[in-house]
Amino acid sequence: MIAKAKRADVLAASEDLRRRTLPYTSGSLDRLIYLASMRDYNTGIYVHEGLAARFSPEVACEALADCHRESFQELTSLQLKNLAEQLELYMRSTGTAPGDFLRSWKDLAPYRVAVPLGTDSLLAEFLFSNLKIALAILEHRHSQVLEPTPAA
Amino acid sequence: MMQLVIFLAVGTGLLVLLLVAIRRQPSHAAGSAGELVTAKRTLESLQLGLLPADLVEQVFGRQDFAYISSIGSNELTDLFMSERKRLALMWIGQIRKQVRALKDFHVSRSRMFTHMSRWREFSIALDFAGLEIRCRVLQLLMRWRGPYAAPNFARRTATTAGRLCSVLDQSLAFLTPGTPARLGSESGADGTTLIG
């Protein structure tokens, strides 16, 4: 019964997060990266001081995990075209030069540590694969912008 | 002398049969419970992770391919095709592996827990065999002609696997705890409504 009552708290905390914090992210990829960054690499526990102060650390952790899973599902359901748009939006929101961003994302593949715990391996691999292609698409676009157009 | 040899041979034969019979029985109850839970997890992983129609559609649908083709870069198209081929092979490989695990479990344990008619047993055996053949054919086709070799065949394979899963799910239904209906209208001490 306690677990069920707690669940209502978690729903309220998730709603709070969706209303106050997540609207300020640039898109679903930005949301995924933001929520993954709230997770301690060593323990897998999500930490958000503001949310923990309003609810409790446990409730905040569960709410963040719920929103993280939600944003992962949102990303995996996107078509490649939309995922490439999300990646571009995220790239712009970081303020990093496109060349540097694309190089580090290709080399480090930071998205590999951004999936929620317990994600099905095939679904994770599906997102990684699509992100790899989306990066290649952005790189292709970027190289076309840099290349001087031949004079008519 | 001859009678003694025959007597010893028959005795040894019976002893061997007895040992084989003992080995075929489940060793202990805890092992069986563990296997039941593993089978339930395998089933859930298949139903939730590998067989949802939208995932199958994303891997085998042609919308992404059409988008990549519209960009007009051979390099991008090659990368896309090799990635989708890898994913499609991974998908069918995992389905095959999990269906095999379920078949082994069904043959060794599940049928002991449920009372199935011989016809039902036969039908399930046929489904397992058919699915194994389908998966193998699909793997060969994808290796040979890429991810879009037989999208409809892949969809039908997913449907067949889904159907078999729901049959097996019924035989493992006793592992899913039911929630008493009356909990739905209870309230917590702080007045919160408890969701049943």
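**Exercise 1. Determine the handedness of the crossing of H6(A) and H7(A), and describe how the two helices pack.**

Step 1. The crossing of H6(A) and H7(A) is left-handed, a term used if the near helix is turned anticlockwise from the far one by less than a right angle, right-handed being the clockwise case. The model is a predicted one, in which local features need pLDDT of at least 70, side-chain atom pairs count only at pLDDT 80 or more, and totals for chains, interfaces and linings use all residues. Residues are numbered from 1 along each chain as its sequence is written, with chains lettered from A and ligands numbered from 1 in the order in which they are written.

Step 2. Two packed helices are described by the angle between their axes and the distance between the axes. Helix H6 (residues 98-108) and helix H7 (residues 121-146), both of chain A, pack at an angle of about 150 degrees, and their axes are 11 Å apart. H6(A) is therefore roughly antiparallel to H7(A) (angles over 145 degrees count as such).

**Exercise 2. State which residues of H6(A) and H7(A) meet.**

Step 1. From H6(A), Pro98(A), Gly99(A), Leu102(A), Trp105(A) and Lys106(A) meet Leu135(A), Leu138(A), Glu139(A) and His142(A) of H7(A).

Step 2. The residues of this contact between H6(A) and H7(A) divide into 5 nonpolar, 2 polar and 2 charged.

**Exercise 3. State how many helices and strands chain A has, and what share of its residues is buried.**

Step 1. Chain A has 7 helices and 0 strands (DSSP runs of at least four residues for helices and at least two for strands).

Step 2. Of its 152 residues, 33% count as buried in chain A (20 or more other C-beta atoms within 10 Å of the residue's own).

Notes
Axes are lines fitted to C-alpha atoms, for helices over the stretch in contact, and angles run from 0 to 180 degrees between N-to-C directions. Angles under 35 degrees count as roughly parallel, over 145 as roughly antiparallel, 65 to 115 as roughly perpendicular and the rest as oblique. Two residues are in contact if their C-beta atoms, placed from the backbone, lie within 7 Å. Ala, Val, Leu, Ile, Met, Phe, Trp, Tyr, Cys and Pro count as nonpolar, Asp, Glu, Lys and Arg as charged, and the others, Gly among them, as polar. A residue is buried if 20 or more other C-beta atoms lie within 10 Å of its own, exposed if 12 or fewer, and partly exposed in between; C-beta atoms are placed from the backbone.
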